[in-house]
Amino acid sequence: MSKWLSAEAILFSLGYFFVAAIADEVYDESIERYSSSTVGLLKLLKLEQQFVENLLTHQPNEENETIQAYLFSIDYKKNLSPEDRLDYVSNPLSAFSLVRRTHEDLPKWHKRFREKMEVANTSVLDELVSKVPDSQDFLESALGIQRIERTYDLRVDDLANGRLQNKQYSIQFTFRDRLAMGNLMFEQRDFLAAAKWYRMATKLDPDENNEILTPILGDPTGYLKSQCIKALFVYGTFFFMISNSFKPLIITISASVFAGDSQSNDEALGKVEEKIANINKEVIDELMTKLKTPDNDIVLEKQLYETKRSPTDFEKGCRGQFRPRTRLTCSYNFTTTPFLRLAPLKMEEISRNPYIVMYHDVLYDSEIEALKGQSDGFRNGFADTKNGSMIRDIVARHVWWSEESPIRERINQRIVDMTGLNISRTDKIQIANYGLGTYFKPHFDYTSDGYVTPEASTLGDRLVTILYYASDVPQGGATVFPELNISIFPRKGSAIWWFNLYNNGTTDTRSKHSVCPVIKGDRWTLTMWIHLFPQMFIAPCFV
């Protein structure tokens, strides 16, 4: 490989090689990944603020211009209100940018200033940089962006420019954000996604203060061009809209890459890298210049987006594409318990068969603040059981609320009022907070597929699921029943419940459900499961 490419490839690929290598080590899955919850992202935003404030306080005088140039390039804002901070991390574009900056940029700033600052002044920076997101966290933030894109059928072009569904946001991905997405997709061997992100990166020039920042952050422009061409060749797109002078070169590379009946992406990539290593930098530059002309870019865009796959039922539900059910009613429930004669609850039918209902105004702001106060005990929540060295995706950060309190007692009583079933006052309630593109794949709440529900041997299987929504979610975050073509979008203070079992205790497969990734917002939920055996005399078997 030519020297100009090797040096840049080493410099800008090291972080991504670590992503691939991390699975070979014993990864501690108990580590908090900032991207897995908005609570974590708020912590990360605070970490970045502390880092910047420490730099500004102890910076050498000659570095002031450099720091200010960087803060300008990332549109850094200080003294944000709590509401503005939450709004910032609840946007997937700013959330990913935050993870990328703290993972990639802060260690570089730390290295630069550790050499120039007195040792006594670096201790805080040393501690802060030890807490930045690791490579797995960085990868999962990128996969979260990709999950949002694919679940909601968004275009990379729109995402990069700040458009989420039909809403335009003021924040856009920077040059380095787009490059990072391309690199991470490339390392995952998703060459189509990589090509889309690299194409969007080439549409932006590096930072306005690039000459000032390059000595610290590096110059990835040459690396971007070679990676973009590799991704396009391996995916199979290219290049006959380019002028005739390049066609012999393109034909040579294509013939080499696609020789033979079948080959893996890795084999194709190896052939592309071998050919491109022998191409001069000037040729690469000219090829990319031709590729970026308006006419050629239109052709390339069409090729990258010409393949569309059919959405799954889960994806249709997330997009709100199910037909509404008819002949359902909204009413006041006066009858489940005697107390409701005095204070009936607002009930909305979602489905009569199987029975799914939503209750409105059954969780109050004071109660929501109390449950959010439990977040100090958060831990990672996984959808899958541990399988060897596989690193599992985090669904959300969660905690089991078991402490007795007047608020828990009121919530428990409201569950009894809604369901008419028997629950123990010591039953745990799960509090969960979702993050950047996190989701819960379609699953059952009862024992199935090797999963045994907790306390199933003593209390029986999970008869009923009660799910409280503790926040509004402006975009995304629905609960979907793909077998029933039902989507329920979060409404703060409401709760839904449904049966997982038939009257005779057998499992109802129609209760399969899932959680869609949040596009924009902060999703909090409160969940309790009611078990079968304690209902022996309240809801006897009718079979």
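1. Phe 440 sits across from Val 515 of E15. A quick caveat: this is a predicted model, where local features need pLDDT of at least 70, side-chain atom pairs count only at pLDDT 80 or more, and totals for chains, interfaces and linings use all residues. Numbering starts from 1 along each chain as its sequence is written, and side-chain values use heavy atoms, with hydrogens and water left out.

2. E9 and strand E15 (residues 513-515) are antiparallel partners over two bridges. Strands here are DSSP runs of E with at least two residues, numbered from the N terminus, and two of them pair if DSSP finds at least two bridges between them.

3. The sheet these belong to is open, with four strands in the order E9-E15-E12-E13 and antiparallel pairing. E9 (440-443) and E13 (486-488) are the edge strands with a single partner strand each, so one side of each lacks a neighbour in the sheet. On average, neighbouring strands of this sheet are turned by 15° against each other, direction ignored; the axes are lines fitted to C-alpha atoms, and angles run from 0 to 180 degrees between N-to-C directions.

4. Now for E8 (residues 429-433): five of its five residues are buried, so the strand is largely enclosed by the rest of the structure. Buried means under 20% relative accessible area (1.4 Å probe, protein chains only). Ile 429, Ile 431 and Asn 433 point one way, Gln 430 and Ala 432 the other.

5. E8 pairs antiparallel with strand E7 (residues 394-401) over five bridges, and Val 399 stands opposite Ile 431. Four bridges also join E8 to E17 (residues 524-531), again antiparallel, with Gln 430 opposite Thr 527.

Conventions:
Buried < 20%, exposed > 50% of the residue type's maximum accessible area, 1.4 Å probe, protein only.
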